[in-house]
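Please have the structure open while reading.

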Amino acid sequence: MFLFFLGIAVGVAGAWLAWHGPAGRTAAGIGGEAPPPDETEAPASRAGRHAAAATPTSAAASRRHGAAAWSEAAPGSSRLGAGRGPAGTGESAGGAAGGTVADVGPSTARGLPAAALLQEGPPPGPARVALVIDDLGRSLEELADLHRLGVPLTYAVLPYESQTPEVVAALRRRHDEILCHLPMEPKSGGNPGPGALRAGMSPEQLRQSTLAAIAAVPGAVGVNNHMGSALSADPGSMSTILGVLAERGLFFLDSRTSAQSVGFRVATSLGVPAAERQVFLDDDPHSAAVAAEFQHLLEVARTRGSAIAIGHPHPATLAALAAEVPRAQALGYRFVQVSALLDRPAAAPPPPTGR
C-alpha cells in the first residue's frame with residue numbers, strides 16, 4: 001500500500017514538472033542574460049544601442065515616436081516629405097526624433113522578436129545626411145572652407161555669375177558633385193538673376209534656356225531650382241524643363257521653395273531620378289539658428305533614415321557647419337552626396353509614333 005501511494009506521488013510530481021518547467025526556463029531567460037548581438041549588425045548600430053541604454057528616457061521617446069514617423073516613408077525608400085523652410089508653411093518633416101533599432105537599449109530589446117523592433121523605427125544602420133550648398137559661382141573663397149569640412153557635399157552653382165567658370169573648374173578638379181542651380185521666377189517678385197526661366201516663356205524658350213544654363217555649368221550631374229516658387233508650381237512649365245533633364249540623363253533636386261511645387265512629382269512621372277530637400281539651414285542666417293536647424297536635420301535623418309538640407313555659403317552657415325558636422329559624425333551620422341538619396345523611377349515610355 002505504501003509503494004502504491006509513493007508511485008502516485010512520483011507521477012503527480014513528474015506531471016507538475018513537465019507542465020511548469022518550460023515556463024520557468026523562459027522566465028529565467030528573459031530576466032537574465034540578454035541574447036548576443038547579431039553578428040551582421042553594423043558597429044555603429046551597436047554603439048547607438050549602448051548609448052540608448054545609458055539614456056533610457058531617450059530610448060523611451062524613440063519608441064514612442066519611431067513607428068508613426070517611419071510610416072511616412074517606406075523602408076528602403078528615399079521618398080521624403082519636404083521639411084521646414086521659408087516658403088514651407090504647412091509642410092512638416094516630421095520633426096520629432098524617431099527611433100531606430102539602434103536606439104532601443106538591451107533591456108528593452110531582451111526577449112522581443114526582431115520584427116517587433118523593426119516596426120518601431122527605420123532599419124538599423126547609420127542615418128544618412130546630404131548637404132547641398134546653393135548660390136555658388138560668385139567667389140572661390142568659400143570653397144576652401146567647404147572642403148575643410150572633410151565630408152561629401154553637393155555644390156549647386158548658378159550658371160551666369162561672375163566666377164562661375166572658375167568655381168566649376170575648381171570643383172571638377174576635385175571630382176565634387178555639381179548641380180546646375182537653375183534660376184526660376186519666384187512669386188515674390190524677387191530677382192532670380194540672369195538667365196532666369198519665367199512663367200511667360202513658351203515651351204521652346206524654356207527648353208533653350210534650360211539647355212543654355214546646363215551648358216554653362218559643365219560637369220553638372222543634376223539640377224536644382226534657384227527661387228522658382230512661381231514656376232515650380234506650374235506642371236506644364238516643369239514638364240518642359242524636366243523633359244530636358246530626362247534627355248540629358250540628369251537628376252532633379254526639388255528645392256521646395258513652394259509648398260505647391262510639382263517638381264518632384266513631374267520628375268518621377270517622366271522617369272527623372274529626383275529628391276526633395278527637407279530642411280533649409282539658414283533661412284535665419286545667424287549661427288545659433290543655423291545650429292538649431294542642423295539639429296532638426298539630424299532628427300529628420302534619424303527618424304526617416306536619411307535627409308537632405310540646403311544651405312548657402314554665408315559666414316554663419318560655414319561656421320555652424322564647421323562645429324556641427326564633426327559632432328554629427330561622432331554620433332554615427334553618415335554624410336553622402338544627394339545622388340545617393342534619389343528616387344529612381346522606371347523610365348517613362350516613349351510617346352507613340354504615328355504611321
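Contact here means that heavy atoms lie within 4.5 Å. The model is predicted. It has 12 helices and 9 strands, and 44% of its 355 residues count as buried. Among contacts with a separation of 6 or more, 74% join residues 24 or more positions apart.

**Packing of α11 and α12**

- S287, V290, A291, F294, Q295 and L298 of α11 meet A316, T317, A320, L321, E324, V325 and A328 of α12.
- The residues of this contact of α11 with α12 comprise 9 nonpolar, 3 polar and 1 charged.
- Helix α11 covers residues 287-304 and helix α12 covers residues 315-330; the two pack at an angle of about 40°, and their axes are 9 Å apart.
- Because of that angle, α11 is oblique to α12.
- The crossing of α11 and α12 is right-handed.
- An α-helix has 3.6 residues a turn, so residues three or four places apart point the same way.

**Helix α11 on its own**

- The 18 residues of α11 should span 26 Å at 1.5 Å a residue, and the end C-alpha atoms are 26 Å apart, which agrees.
- The buried residues in α11 include A289, V290, A291, E293, F294 and H296.
- L297, L298, V300, A301, T303 and R304 are also buried in α11.
- V290, A291, F294 and L298 are buried, and these residues of α11 also take part in the contact with α12.
- G305 follows α11 and has a positive phi, near 100°.

**Packing of α8 and α9**

- Helix α8 (residues 203-215) packs against helix α9 (residues 235-248) at an angle of about 45°, with the axes 9 Å apart.
- It follows from this angle that α8 is oblique to α9.
- The crossing of α8 and α9 is right-handed.
- On the α8 side the contact is made by P203, L206, R207, T210, L211 and I214.
- On the α9 side the contact is made by S237, T240, I241, V244, L245, E247 and R248.
- The residues of the contact of α8 with α9 divide into 7 nonpolar, 3 polar and 3 charged.

- Most residues other than glycine have a negative phi.
- H175 is not a glycine, yet has a positive phi of about 60°.
- H175 sits in the loop between α7 (164-173) and β3 (177-184).
- Is H175 buried or exposed? H175 has a relative accessible area of 71% and is therefore exposed, the cut-off being over 50%.
- R256, likewise not a glycine, has a positive phi of about 55°.
- R256 belongs to the loop between β5 (251-254) and α10 (263-269).
- Is R256 buried or exposed? R256 has a relative accessible area of 10% and is therefore buried, the cut-off being under 20%.

**Loop residue Q163**

- Q163 is in the loop between β2 (154-157) and α7.
- The relative accessibility of Q163 is 25%, so Q163 counts as partly exposed.
- Which residues does Q163 touch, not counting those up to four places away in sequence? Q163 touches G137, R138, S139 and L140.
- Q163 and S139 are 24 residues apart in sequence, while their C-alpha atoms are 6.0 Å apart in space.

Terms used:
Residues are numbered from 1 along each chain as its sequence is written. This is a predicted model: local features need pLDDT of at least 70, side-chain atom pairs count only at pLDDT 80 or more; totals for chains, interfaces and linings use all residues. Side-chain values use heavy atoms; hydrogens and water are left out. Axes are lines fitted to C-alpha atoms, for helices over the stretch in contact, and angles run from 0 to 180 degrees between N-to-C directions. Helices (H or I, at least four residues) and strands (E, at least two) are DSSP runs, numbered from the N terminus. Angles under 35 degrees count as roughly parallel, over 145 as roughly antiparallel, 65 to 115 as roughly perpendicular and the rest as oblique. A crossing is left-handed if the near helix is turned anticlockwise from the far one by less than a right angle, and right-handed if clockwise. Ala, Val, Leu, Ile, Met, Phe, Trp, Tyr, Cys and Pro count as nonpolar, Asp, Glu, Lys and Arg as charged, and the others, Gly among them, as polar. Buried means under 20% relative accessible area, exposed over 50%, partly exposed in between (1.4 Å probe, protein chains only). The expected span of a helix is 1.5 Å times one less than its number of residues.
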